[in-house]
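Have the structure open as you read.

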Amino acid sequence: AEGGVYAADPNGFVQTPYGDALTNPHSLYLGTFAELGLVGLALVGVLVAVVVRAAWRARTANPLRLSILTALAVNLLAFLVDYYLLKSFPLAMLWWFWLAMAFRLEPPTEQAIGPVVPTLAASPTPRTGGQRPPRSP
């Protein structure tokens, strides 16, 4: 290979005189920084912040939305050592699909889940007006 340019095989390996070399950094964040610079890395940082904030806000509102967003947030953590969001189009589309679905889910309304029922310990007993009945010997 003249000029130091080597062709990569389909698995991402490059044959060099020194042995096999990989063509990606195996990290979404390092790969984004290498290809798109600080602007790209900042945009990925915004994406991480949006997913984590949405998961935090969904913790009490919608369990399905919380589950999807938690899975996506854990996936963003796994992207520290993987590059699939940029190198695998089908997996990237699946990831973006689930992100869109999580943001399409509305929090449940009171009509959907019904009125909140107080716990038994907090409710007065009906026959004594809130006082305990006397104990029988």
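**Notes on the fold and its helix packing**

1. Let me start with the contact pattern: among contacts in the protein between residues at least 6 apart in sequence, 49% join residues at least 24 apart. Contact here means heavy atoms within 4.5 Å. The model is a predicted one, where local features need pLDDT of at least 70, side-chain atom pairs count only at pLDDT 80 or more, and totals for chains, interfaces and linings use all residues. Numbering runs from 1 along each chain as its sequence is written, and side-chain values use heavy atoms, with hydrogens and water left out.

2. On the overall layout, the protein has five helices and two strands, and the order along the sequence is β-β-α-α-α-α-α. Helices (H or I, at least four residues) and strands (E, at least two) are DSSP runs, numbered from the N terminus. Of the 137 residues, 23% count as buried, where buried means under 20% relative accessible area, exposed over 50% and partly exposed in between (1.4 Å probe, protein chains only).

3. Now the helix pairs. Two packed helices are described by the angle between their axes and the distance between the axes. The axes are lines fitted to C-alpha atoms, for helices over the stretch in contact, and angles run from 0 to 180 degrees between N-to-C directions. Take helix 1 (residues 28–57) and helix 2 (residues 63–78): they pack at about 155°, with axes 10 Å apart. That makes helix 1 roughly antiparallel to helix 2; the cut-offs are under 35 degrees for roughly parallel, over 145 for roughly antiparallel, 65 to 115 for roughly perpendicular, and oblique for the rest. Helix 1 brings Tyr29, Val48, Val51, Ala54 and Ala55 to the meeting, and helix 2 brings Arg65, Leu66, Leu69, Thr70, Leu72, Ala73 and Leu76. By class, this contact has ten nonpolar, one polar and one charged residues. (Ala, Val, Leu, Ile, Met, Phe, Trp, Tyr, Cys and Pro count as nonpolar, Asp, Glu, Lys and Arg as charged, and the others, Gly among them, as polar.)

4. How do helix 1 and helix 4 pack, and at what angle? Helix 4 (residues 89–104) sits at about 45° to helix 1, with the axes 12 Å apart, and the two are therefore oblique to each other. Leu47, Val50, Val51 and Ala54 of helix 1 make the contact with Trp95, Trp96, Leu99 and Phe103 of helix 4. That contact has eight nonpolar residues, no polar and no charged ones.

5. Helix 2 and helix 4 complete my list of pairs: their axes come within 9 Å and cross at roughly 145°. From helix 2, Arg65, Ile68, Leu69, Leu72, Asn75 and Leu76 meet Trp95, Trp98, Leu99, Ala102 and Phe103 in helix 4. The class count is nine nonpolar, one polar and one charged.

6. Which residues touch the most other members of the largest nonpolar core? Of its 18 residues, they are Val51, Leu69, Leu72, Phe79, Trp95 and Leu99. Helix 1, helix 2 and helix 4 each supply at least two residues of this core, and the largest share, seven residues, comes from helix 1. (A nonpolar core is a set of buried Ala, Val, Leu, Ile, Met, Phe, Trp, Tyr and Cys residues joined through side-chain atoms within 4.5 Å.)

7. Do click on valine 51. Valine 51 lies in helix 1 and counts as buried, at 0% relative accessibility. Not counting residues up to four places away in sequence, valine 51 touches Leu69, Leu72, Ala73, Leu76, Trp95 and Leu99.

8. Serine 27, in the loop between strand 2 (19–22) and helix 1, is buried at 5% relative accessible area. Leaving aside neighbours within four places in sequence, serine 27 is in contact with Phe79, Leu80, Asp82 and Tyr83. Phenylalanine 79, with that exclusion again, touches Ser27, Leu28, Tyr29, Tyr84, Leu85 and Trp95.
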